[in-house]
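Hi,

Here is the structure I promised to pass along. Have a look at it first, and my notes on what turned up follow below.

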Amino acid sequence: MRIGVLTSGGDSPGMNAAIRAVVRTANDYPNLEVIGFIKGLRGILYKEFIYLNERSVSGTIEKGGTFLQSSREPRFLDYNYRQIAYQVLNELEIDWLVIIGGNGSFNAAYKIITESNIKVVGITGTIDNDIYGTEYTLGYDTALNTATQAIDKIRDTAYSFGRIFIVEVMGRDYGLLPLDIALATGSELVLIPEYKIPTPKIAEKIHQYKVKGKKHVIVVLSEGYCSAFELEKELNPILKKYDSNYELKITVLGHIQRGGNPTAYDRIFGTLSGQKAIELIINNQNGFFIALKNNKIEPLPIELAIKNKKKLNHQLVNVLEQLAI
Ligand code: F6P
């Protein structure tokens, strides 16, 4: 059997560990061959791929990004381009695809499963941790730690100058990553898409923290809430009315959060996901992805993931507010 592996959408730390495990586990079976498509689904359209053996994945487990590279391929949304892709996959005699990516990639995976004769296993790869059905997605821990370290540094300046900082972080329209970053950094406030607060109320909360004697205030802002620049524009004049000495600064962490060496957790999760993906292929379990449920790795239908939206545990917001006194 021939397996095609690819990484698609936003890269996430740990993807290399997953590819490595797919290739090296497959190596245990004499009838399995693995090729890697370059730049995700685009690699199928351009027939750009490399043969992968146990040596091609040497020295990759500790590296961030994805050595197979990635892309967001809008042409895959078009039925006609997908037909071209299926033709290529059949020409290359691909029986299975291992697709490592987020919600967009899983949507493409589901189309492949339902429209073609190619079988698919999904591995979660996104720093957003926003895939329904799984407690964890590959790369989340690294992104959380990277942002935490960055905010620890910002806090030094915030304290030294007694400033108010808004730190915009990634996570799309799902608030878990910003919320966990805020919890891990002991930030005073988190602004997430699921829980909007009127701007005058945000200003009042910040002022109250200052009145209570806090030297500085850190607000973690989800990119899905609004941009830090927009918030600054609205918030600054209101804050100045409370105290003209208030100094508001903004930092946008952006892609710093997505890169870097994966944490031990992401290396292990990527490894176990890749190994399990081959197990599913051997057992002919088409259309599943590797999920974490009750802290155990198990397969769940890709269909379940794409037809449902992951919900946030709002209680964590209360915990943050309770502790930021
Ligand atoms: O899905 C991962 C993610 O990093 C999101 O948090 C962010 O909104 C998006 O990708 C950014 O995508 P791009 O790198 O294509 O700008």
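The side chains of D11 and R258 meet in a salt bridge, with N and O 3.2 Å apart. D11 sits in the loop between strand 1 (2-7) and helix 1 (15-26), while R258 belongs to the loop between strand 9 (248-252) and helix 9 (264-282), so this pair ties together parts that are 247 residues apart in sequence. R258 has a relative accessibility of 16%, so it counts as buried. Please keep in mind that this is a predicted model.

That pair is one of 14 salt bridges in the structure. Another one joins R163 and E247, whose closest N and O atoms are 3.2 Å apart. This pair, too, links distant parts of the chain: R163 is in the loop between helix 5 (140-161) and strand 6, E247 is in the loop between helix 8 and strand 9, and 84 residues separate them. R163 counts as buried at 13% relative accessibility, whereas E247 is partly exposed at 30%.

E73 is buried, with a relative accessible area of 9%, and R75 is partly exposed, with 23%. Through salt bridges that share partners, R42, E73 and R75 are joined into one network.

Next, helix 7. Which residues of helix 7 are buried? They are T199, I202, A203, I206, H207, Y209 and K210. Seen down the helix axis, these buried residues fall within an arc of 155°, so they line one face of helix 7. Their cover includes strand 6 (164-169), strand 7 (189-191), strand 8 (217-222) and helix 8 (228-242). After helix 7 comes G213, which has a positive phi, near 105°.

Finally, the overall picture. The protein has 11 helices and 11 strands. For 325 residues, a compact globule would have a radius of gyration near 20 Å, and the 22 Å of this protein agrees with that. Its C-alpha atoms fill a box of roughly 70 × 40 × 35 Å along the principal axes. Buried residues make up 53% of the 325. Of the contacts with a separation of 6 or more, 75% are between residues 24 or more positions apart. The accessible surface is about 14200 Å², and carbon and sulfur atoms account for 50% of it.

Best wishes

Terms used. Residues are numbered from 1 along each chain as its sequence is written. This is a predicted model: local features need pLDDT of at least 70, side-chain atom pairs count only at pLDDT 80 or more; totals for chains, interfaces and linings use all residues. Side-chain values use heavy atoms; hydrogens and water are left out. Buried means under 20% relative accessible area, exposed over 50%, partly exposed in between (1.4 Å probe, protein chains only). Helices (H or I, at least four residues) and strands (E, at least two) are DSSP runs, numbered from the N terminus. The arc is that of the directions from the helix axis to the C-beta atoms. Contact means heavy atoms within 4.5 Å. The radius of gyration is taken over C-alpha atoms; the globule rule is 2.2 Å times the number of residues to the power 0.38. Accessible areas come from the Shrake-Rupley method with a 1.4 Å probe; for residues, only the protein chains shown count as cover. A salt bridge is a side-chain nitrogen of Lys or Arg within 4 Å of a carboxyl oxygen of Asp or Glu.
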